[in-house]
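This report goes through selected local features of one protein chain. Please look over the sequence and the structure before reading on.

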Amino acid sequence: MLLASRSRFDLALRTVICKHCGLIYHNPRMTFESFARFYEHDYRRLIDGGTRSVDDLFRSQVKHGYQILAWIGDALPGNARVLDIGSGPGGQLWVIRETRGAHVVGVEPAAEHAEWAHKTHGLDIRAGMLEALAFDDHIFDFVIISQTLNHLLDPLRALQRVHSLLKPGGTLFLQVIDFVYWNRLAPLAMTTTIDHPYMFASATLRAMMEQAGFKIIKWEADAELPSRVREPGQPNLHIRALGLKSEPRIPNYPDYRDILKQIETNQRAYRHKERLAWMDTRVEDAKGFARRIVGERIWRGMAEAYHHHKRDAS
């Protein structure tokens, strides 16, 4: 079922929702080869104009790395072998290596980020897409997929691959943007974007993790935390999960109509908020115009008289 025909950056892009499982995705999607080229050459230029330095991105990841460690607590054992998929220049891995003594490996499609991480911080980051890189099975204790799963062409296959890479008893940390919640804060044409081939709701993410063989042992969604405190520039609107390697289960995917209803409700809330903001702007414009007409001194006198009248009336 079609959700949107255009996306962020005003690109013609069909976004659909599956009537059988509720998954939201692009249809059609890029081929693996074209997607790899997009991430190697065009992704950063599209997202931030190609102006963000690698150092700045690294520093941001370092902050996020400390947040991840605070959230996962003791789930990451000492001296563990850790894989970060979509590691960028390696800020998260640097934190984990320096604070937990872990043996860290990253996967990053941008070759210049992988090279920078090796030269600057001695990090082992493999350039390329996960699907194209060779790893032995059962070699990692902990895998991180932070703000990456919705960037993959086949997220279920990626989770199944992670399952095979983890040792028995291994753990996955997963963080992904909550597409349904995001639609409360932006129009649909902004929340569908070319670098997110798949988009997740809490229910579809849970089902996919269980289908891939992960038992969820910790779960948190920003949509359920109205007073959550976040550092400026750090991820929000997200779902975070810890999954313990287990046996694959028959997934319990949600009714797509429930997800559609949530998106429509959130879009109405967004439009209402935008109308209120527009009205506030018009009111301020009118006040400014009145000040220019009657003069600032007279305007203040009128405002004071009005407030005195309201106070006496009450």
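Is Arg240 buried or exposed in this predicted model? Arg240 counts as buried, because its relative accessibility is 4% and the cut-off for buried is under 20%.

Arg240 forms a salt bridge with Glu220, and the closest N and O atoms of the two are 3.0 Å apart. The pair links distant parts of the chain: Arg240 is in strand β11, residues 238-245, while Glu220 is in strand β10, residues 214-221. The two residues are 20 residues apart.

Glu220 is buried as well, because its relative accessible area is 17% and buried means under 20%. Side chains of opposite charge can pair when their charged atoms come close.

## Other salt bridges

How many salt bridges does the structure hold? The structure holds 12 salt bridges. One of them joins the side chains of Arg126 and Asp124, with a distance of 2.9 Å from N to O. Arg126 counts as partly exposed, at 31% relative accessibility. Asp124 is also classed as partly exposed, with a value of 32%.

Asp255 and Arg257 form another salt bridge, in which the closest N and O atoms are 2.8 Å apart. Asp255 is partly exposed at 31% relative accessibility, whereas Arg257 is exposed, with a relative accessible area of 53%. The cut-off for exposed is over 50%, so Arg257 falls in that class. Salt bridges also link Arg52, Asp56 and Arg59 in a network.

## A positive patch on the surface

Which residues gather in a patch of positive charge on the surface? They are Lys261, Arg268, Arg271 and Arg275. Arg271 lies in helix α9, which covers residues 256-294. With a relative accessibility of 41%, Arg271 counts as partly exposed.

Helix α1 spans residues 32-48 and contains Arg45. Arg45 counts as exposed, because its relative accessibility is 54% and exposed means over 50%. The side chain of Arg45 takes part in two contacts described here. It reaches the backbone oxygen of His41 at 3.2 Å, and a polar contact of 2.4 Å joins the side chain of Arg45 to that of Asp42.

Ser34 is also found in helix α1. In contrast to the exposed Arg45, Ser34 counts as buried, with 19% relative accessibility. Its value lies under the 20% cut-off, so Ser34 is placed in the buried class. The side chains of Ser34 and Thr31 are joined by a polar contact of 2.9 Å.

## Backbone features in the loops

Most residues other than glycine have a negative phi, and most peptide bonds are trans. The following residues depart from that pattern.

Where is the cis peptide bond that has an omega of about 5 degrees? That bond joins Asn27 and Pro28. Pro28 has its place in the loop between β3, residues 24-26, and α1.

Phe9 is not a glycine, yet its phi is positive, near 70 degrees. Phe9 is found in the loop between β1, residues 2-7, and β2, residues 11-17. With a relative accessible area of 34%, Phe9 is partly exposed.

Asn79 likewise has a positive phi, of about 60 degrees, although it is not a glycine. Asn79 lies in the loop between α2, residues 54-72, and β4, residues 81-85. Is Asn79 buried or exposed? Asn79 counts as exposed, because its relative accessibility is 52% and the cut-off is over 50%.

## A mostly covered helix

Helix α5, residues 155-165, is mostly covered. Of its 11 residues, eight are buried. Which residues of α5 are buried? The buried residues are Pro155, Leu156, Ala158, Leu159, Val162, His163, Ser164 and Leu165.

Technical notes: Residues numbered from 1 in each chain as written. Predicted model: local features only at pLDDT ≥ 70, side-chain atom pairs only at ≥ 80, totals over all residues. Heavy atoms only, no water. Patch = residues over 30% accessible without salt bridge, like charges linked within 9 Å, V, L, I, M, F, W, Y side chains within 5 Å. Areas by Shrake-Rupley, 256 points an atom, 1.4 Å probe, with all protein chains shown as cover. Salt bridge = Lys/Arg side-chain N within 4 Å of Asp/Glu carboxyl O. Lys, Arg positive; Asp, Glu negative; His and termini not counted. Charge placed at Lys NZ, Arg CZ, Asp CG, Glu CD. Helix = DSSP H or I, 4+ residues; strand = E, 2+ residues; numbered from the N terminus. Buried < 20%, exposed > 50% of the residue type's maximum accessible area, 1.4 Å probe, protein only. Polar contact = N/O pair within 3.5 Å; in protein donor to acceptor, adjacent residues only side chain to side chain.
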